[in-house]
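User: I have a protein model open and want to learn how to read it. Where do I start?

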Amino acid sequence: MKTLKYSRHREAILKFLSSRYDHPTAEVIYQNLRAEFPKISLGTVYRNLTVLAETGEIQRIQCGDSSEHFDGVTAQHPHFVCRKCFAVTDLHIDDLSFLNTLAERNVNGQIEKHQLIFYGKCNSCLNIKK
């Protein structure tokens, strides 16, 4: 695997994501990094997020809101996505590694990992009066 050259923007993105548990979008990351890097572009943020996701240093989560969300926690864990406000929450469920074993029974190959996402409505959205 190719070694990446150090990037202060990439390092700032990693630091930002490691301090958050709300799974921000690239736009949110960009807006927050502008305080430290006023000349950073949204394109630079997207490029670095792509590199970080491709190298496994962060997780990219597709939520159905036309934006990708990002998670600094790389350990495999499930997520809950609210279909109304698109908030993303970590789910703390005991060991799910059996899913890989179960899936391998039905595939001609080897499962290396999975991404499990549950969809529904969060409590805040359930409590909104219509």
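Analyst: Start with contact, which means heavy atoms within 4.5 Å. Valine 45 touches Ile13, Ala26, Ile29, Tyr30, Leu33 and Ile40, leaving aside residues up to four places away in sequence. This is a predicted model: local features need pLDDT of at least 70, side-chain atom pairs count only at pLDDT 80 or more, and totals for chains, interfaces and linings use all residues. Residues are numbered from 1 along each chain as its sequence is written, and side-chain values use heavy atoms, with hydrogens and water left out.

User: What is the average pLDDT of the protein?

Analyst: pLDDT is the predictor's confidence in each residue, from 0 to 100. Here the average is 90, and 96% of the residues score at least 70. Where pLDDT is low, the predicted coordinates should not be read in detail.

User: Which elements have the lowest and the highest mean pLDDT?

Analyst: Elements are DSSP runs, numbered from the N terminus: helices (H or I, at least four residues) and strands (E, at least two). Helix H4 (residues 98-104) has the lowest mean, 85. Helix H2 (residues 26-33) has the highest, 97.

User: How many residues are in the largest nonpolar core?

Analyst: First, buried means under 20% relative accessible area, exposed over 50%, partly exposed in between (1.4 Å probe, protein chains only). A nonpolar core is a set of buried Ala, Val, Leu, Ile, Met, Phe, Trp, Tyr and Cys residues joined through side-chain atoms within 4.5 Å. The largest one here has 16 residues. Ile13, Ile29, Leu33, Val45 and Leu49 have the most contacts inside it. Helix H1 (8-18), H2 and helix H3 (42-54) each give two or more residues to this core. Another core, of five residues, lies apart from it and includes Ile61, Cys63, Val81 and Val88.

User: Which residues of H1 are buried?

Analyst: His9, Arg10, Ala12, Ile13, Phe16 and Leu17. The face turned away carries the exposed residues Arg8 and Lys15.

User: How many disulfides are there?

Analyst: A disulfide is a pair of cysteine sulfur atoms within 2.5 Å. The count here is zero. For cysteine 82, the nearest cysteine sulfur, in cysteine 125, is 3.6 Å away. Cysteine 82 is buried, at 0% relative accessible area. The sulfur of cysteine 122 is 3.7 Å from the closest one, also in cysteine 125, which is too far for a bond.
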